[in-house]
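Here is a short note for a colleague who is opening this model for the first time. Please read the points with the structure in view.

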Amino acid sequence: MANNYKPSYRRQKTVLTASTKAVIAMLVVLVITLAAFLVKSVISSALKPDITYPPESGQDSAAPEETGAEMTDAVPVTDVPSRTVDPARLDTRSGSLVLVNAQNAYTLPDSVRILTLFDERHDNFTLDNISVRLADEAYDALCRMTDDCADRTGYCPLMLISGFRDEEEQRSYYEANVKNESDKAYFELPGYSDHHTGLCFDVKLYDRDGLSYSYGRYATEKAKWITENYKYYGFIMRYPANKESYTGIAGESNHFRYVGIPHSIYITEKGICLEEYLQLVRRHPYDDPLKIEVEHDEYLVWYCHGDVIVPRDGDYEVSGDNVGGFVVSVRK
Ligand SMILES: [Zn+2]
């Protein structure tokens, strides 16, 4: 009896030891896997320059130089099924993100419709003169913004001074205003002006008291709603005071430029200029897009040089950058 029992006991003890080892091994593997996942998550979130809405702080500034370059090595995150468009079918001069500055001349493509605003509805903004013109895309956004401003506050004080200018008009404007070397910092050369796009306009304020005021000086006092909300209508300040080294133009505090959503929100909340934004976007190809969160929506933005990769289905926008590439944006 004793002989029969002992081997049986020893076998049972051996079996228990093996299963305990297996359990320990499984736990070790589990812990290592969890640790690896946590480390990867932390590194991944630290590298992403995404913004959240609303921003936690107005000082959340991420210079493009500090982000992006290393991100092209990150795990691809685009899960949007795609197709390719021949870039010969598109025009790098078309779209809300065209870049025009002293290095990038611009001619308006035939596809852009320029409207004379005196002939159009302008219920909730005024015109300084009858020759103010805009591209239809910028005009539509301006109407939405000024209508909402009037609805919410009872009055919209924006008065448009100048919009689209062709090269000849810019030449006259430049020659009339540039009298000496120091003036050149404030005026764009003919052929190289943001005003050639039809997507921008200069404003002043026309208040209920019948007086006019500079937007730059009275932006928060007399145009608080516009100043707080223009980014939600696709507009940016094209020439921030501290960005002359990028834009080539000294601060012009009354020049609105239409770039579209979500770009306007990202640019404004990060405190960067259009040149910096496009530098950043150019570091994000289709398989590593820039992610922009606006309220509950997530946008993916990527840059294409050569073949243009767009979503196979659904809505998306493509804009040329006037430099040789295209920016694709999709709301997920
Ligand atoms: Zn201007």
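1. Start with Trp 302: its bridge partner in β14 is Val 328. The strands β11 and β14 (residues 326-331) run antiparallel and are joined by six bridges. Two strands count as paired if DSSP finds at least two bridges between them. Strands (E, at least two residues) and helices (H or I, at least four) are DSSP runs, numbered from the N terminus. Further along, Cys 304 stands opposite Phe 326 in β14.

2. A word on the source. This is a predicted model, where local features need pLDDT of at least 70, side-chain atom pairs count only at pLDDT 80 or more, and totals for chains, interfaces and linings use all residues. Residues are numbered from 1 along each chain as its sequence is written.

3. Now the other neighbour of β11. Strand β10 (residues 290-294) pairs with β11 in the antiparallel sense, over five bridges. Here Leu 290 has Val 301 of β11 as its bridge partner. Two residues separate β10 and β11, which form a hairpin.

4. Is β11 enclosed or open to the outside? Strand β11 (residues 297-304) is largely enclosed by the rest of the structure, because six of its eight residues are buried. Buried means 20 or more other C-beta atoms within 10 Å of the residue's own; exposed means 12 or fewer, and partly exposed lies in between, with C-beta atoms placed from the backbone.

5. Glu 295 lies in the loop between β10 and β11. Its phi is positive, about 50°, although Glu 295 is not a glycine. Glu 295 counts as exposed because it has 10 C-beta neighbours inside 10 Å. Asn 322 sits in the loop between β13 and β14. Its phi is also positive, near 65°, in a residue other than glycine. Asn 322 is buried, with 22 other C-beta atoms within 10 Å.

6. From Ile 261 to Pro 262 the bond is cis, with omega near 10°. Pro 262 is in the loop between β9 (252-258) and α7 (263-270).
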